[in-house]
Amino acid sequence: MALTKFEYNSFDVTPVASNGFAFNSTPNGLTTASAGAMTLIKTQTASDVASVEFKHGTSDVVLDGTYDTYLFKFIGMHPETDATDMTVNFSVDTGSNYNVSKMTTFFRTQHYENGTSGVVAYIAGNDLTEGTGEQYLNQDGSMGADNDQCLAGKMYLFNPSSTTFVKHFMSDTIEVNAGDRCREAFVAGYGNTTSAIDAVRFKCSSGNINGTIKLYGVTK
Amino acid sequence: MAISKVNYNSLNVTPSASKFLAWDSDADALAASDIGGSLNLISTQTASSSASLSFTSGIDSTYKEYIFKIINVHPSASNQRLAVNFSVDTGSNYNVTKTTTSFRAAHTEADGTPDFGYVTSQDLAQGTGFQNLFIGAPSSAGNDSSGSGTLHLFDPSNTTFVKHFIFRGSSYQENDAACDSFIAGYGNTTSAIDAVQFKFVSGNIDSGVIKMYGVT
């Protein structure tokens with residue numbers, strides 16, 4: 001006779017509140033296990049599009065007080081136009097406008113495939129001083145569009161739903177530059193607003209974009 | 001009569017180590033699965049006077065990003081840097097062509113002038129050798145000297161693009177200084193990377209742990 005139902009205490013496992021069942025490491029039995037603290041909220045795969053937007057309440061996107069820390073991952077970001085760049089902006093009206101005032105820093109390191117120009121430097125032209133426009137996530141005019149060239153990286157956004165504090169963010173990207181060099185860019189700053197940020201947009205300064213962007217929430 | 005025990009293999013699910021028992025995608029049966037968290041531990045390797053630590057399985061298209069957590073690696077030889085290389089033939093050869101950048105911030109316990117800047121000697125320009133990770137080399141003599149950090153490897157199974165990686169790590173370097181190392185670059189290959197190896201340039205990994213995670 002098939003068993004169709006089990007009581008919670010029918011398993012030979014010590015119950016732990018809010019944990020789940022998992023196979024043990026052997027695997028020859030069951031054990032309790034807790035889920036990880038990083039939760040995948042949304043994956044968007046762009047294919048020759050003008051921008052990628054994450055709007056709270058749209059297409060299962062959560063971007064509110066559910067999490068204190070949000071993490072975006074960029075994988076295989078490939079521009080349609082050579083020598084462009086990837087940018088970010090924020091919205092406080094669920095994507096009607098992307099124009100949050102931002103104070104930022106920008107530095108990057110680079111090294112050519114031919115071995116020259118290994119350097120790390122601050123790039124004054126790529127930061128913002130209370131600017132409401134797009135913030136570069138890699139150096140401006142840098143991304144290569146050869147078939148094997150792309151950008152990868154991550155960006156943290158902290159406590160976007162706060163109505164007390166500014167909104168800090170930090171990114172770290174690595175790319176193949178159009179001139180055949182690797183460039184790692186470090187951007188950090190804050191959206192200088194006490195309104196809740198509830199949407200984030202990524203795009204290229206010029207031309208369309210391809211690639212995968214994942215949004216995670218980090219459990220409080 | 002109460003059911004007091006159910007054997008793990010009484011369930012019509014193929015057991016898989018450390019996976020959850022979850023409803024399947026149709027919600028009409030059970031399956032072994034990842035739930036809730038997105039950081040999935042795939043493999044843990046612990047060094048004990050090991051020449052190298054190699055991850056030769058579990059790196060495929062299952063995940064778009066792999067994270068290696070390097071915890072307290074300690075060299076057997078003096079003044080050695082942990083290094084990494086990649087393979088496209090499941091570990092038969094670790095020789096992927098790489099172009100990388102390298103910079104660091106360092107500060108001595110004696111409060112000397114901090115170092116900050118690019119370190120030309122620690123980058124690669126289309127090199128196939130190992131990429132050093134900790135620019136400030138841990139000491140073999142200091143039992144409390146070690147290096148810890150995180151290496152991200154993006155989309156290793158992709159056969160269209162190069163393979164980006166980013167490392168940041170902190171080390172207690174030979175001359176009693178804290179060193180924050182930043183290494184990034186790409187494996188300049190469109191072949192799938194399916195194995196990763198860590199080793200010190202000279203000598204063994206006396207001790208240390210490296211964990212490999214897949215990011216859902």
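I began with secondary structure, where helices (H or I, at least four residues) and strands (E, at least two) are DSSP runs numbered from the N terminus. I kept in mind that this is a predicted model, in which local features need pLDDT of at least 70, side-chain atom pairs count only at pLDDT 80 or more, and totals for chains, interfaces and linings use all residues. Residues are numbered from 1 along each chain as its sequence is written, chains are lettered from A and ligands numbered from 1 in the order in which they are written, and side-chain values use heavy atoms, with hydrogens and water left out.

Entry on B:D176. I found B:D176 in the loop of chain B between β11 (163–173) and β12 (177–187). I then looked up its accessibility, for which buried means under 20% relative accessible area, exposed over 50%, and partly exposed in between (1.4 Å probe, protein chains only). B:D176 has a relative accessible area of 36% and is therefore partly exposed.

Entry on the salt bridges. I took a salt bridge to be a side-chain nitrogen of Lys or Arg within 4 Å of a carboxyl oxygen of Asp or Glu, and by this rule the count over all chains is six. One of them joins the side chains of B:E65 and A:K73, with N to O at 2.8 Å; this pair crosses between chains, from strand β5 (residues 65–75) of chain B, which holds B:E65, to strand β5 (residues 69–79) of chain A, which holds A:K73. I noted that B:E65 and A:K73 are both buried.

A:K154 and A:D172 are both buried.

B:R168 counts as partly exposed because its relative accessibility is 47%.

Entry on A:R201. I located A:R201 in strand β14 (residues 199–204) of chain A, and with a relative accessible area of 18% A:R201 is buried.
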